[in-house]
Amino acid sequence: MLIIKQPQCIRCIDISMGRDKLAIIDETQTCSVYDIKTKKLLFQEPNATSLAWNTHNGDMMCFSSNGYLNIKASNFPVHQRKMQGYVVGFTGSKIFCLQNLTMQAVDVPKVLQ
């Protein structure tokens, strides 16, 4: 079953909690998020290196890019926090990032400013 046709090689991929959205980072470091049912592109962000959907909230995801941790909630603009490393997980209000050989847990405020 074909879900999404992607012209570039995929470097990172994750599916949302509700299995209705697919996030992909391709070899050009573009983060693309698709609605699986409609196959519609919901948004794109450049310079992404890793991503993760929130395991408790299907409308929240995060991705790392150029020394920043980016948090995307629903249709709101991306919220950025300065942080080095690669996103490896997002559960509830905690984002897990790998920086060198150290795993860091970053708390995400309930209200992003």
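V87 touches S50, L51, A52, C62, F63, S64, L69, I95, F96 and C97, with residues up to four places away in sequence not counted. Contact here means heavy atoms within 4.5 Å. A second, separate core of 11 residues includes C31, V33, L51 and F63. A nonpolar core is a set of buried Ala, Val, Leu, Ile, Met, Phe, Trp, Tyr and Cys residues joined through side-chain atoms within 4.5 Å.

The model is predicted: local features need pLDDT of at least 70, side-chain atom pairs count only at pLDDT 80 or more, and totals for chains, interfaces and linings use all residues. Residues are numbered from 1 along each chain as its sequence is written, and side-chain values use heavy atoms, with hydrogens and water left out.

The largest nonpolar core holds 13 residues. Of these, C62, L69, I71, V87, F90, I95 and C97 touch the most other members. Two or more residues of this core come from each of β6, β7 (68-73), β9 and β10 (94-99). Strand β7 gives the largest share, 3 residues. Strands (E, at least two residues) are DSSP runs, numbered from the N terminus.

C62 sits in strand β6 (residues 60-65). The residue counts as buried, at 0% relative accessibility. Buried means under 20% relative accessible area, exposed over 50%, and partly exposed in between (1.4 Å probe, protein chains only). Beyond its neighbours within four places in sequence, C62 is in contact with S50, L51, A52, L69, N70, I71, V87, F90 and I95.

V88 lies in strand β9 (residues 86-91). C62 and V88 are 26 residues apart in sequence and 9.6 Å apart in space, C-alpha to C-alpha. V88 is partly exposed, at 47% relative accessibility. Together with Y86, L98 and M103, V88 forms a nonpolar patch on the surface. The four have about 380 Å² of accessible area together. Such patches are made of residues with over 30% relative accessible area and no salt bridge, and nonpolar side chains (Val, Leu, Ile, Met, Phe, Trp, Tyr) are joined within 5 Å. A salt bridge is a side-chain nitrogen of Lys or Arg within 4 Å of a carboxyl oxygen of Asp or Glu.

S32 belongs to strand β3 (residues 31-35). S32 is buried, with a relative accessible area of 1%. Leaving aside neighbours within four places in sequence, S32 is in contact with L22, A23, I24, L41, F43 and Q44.

Note on methods: Helix = DSSP H or I, 4+ residues; strand = E, 2+ residues; numbered from the N terminus. Patch = residues over 30% accessible without salt bridge, like charges linked within 9 Å, V, L, I, M, F, W, Y side chains within 5 Å. Areas by Shrake-Rupley, 256 points an atom, 1.4 Å probe, with all protein chains shown as cover.
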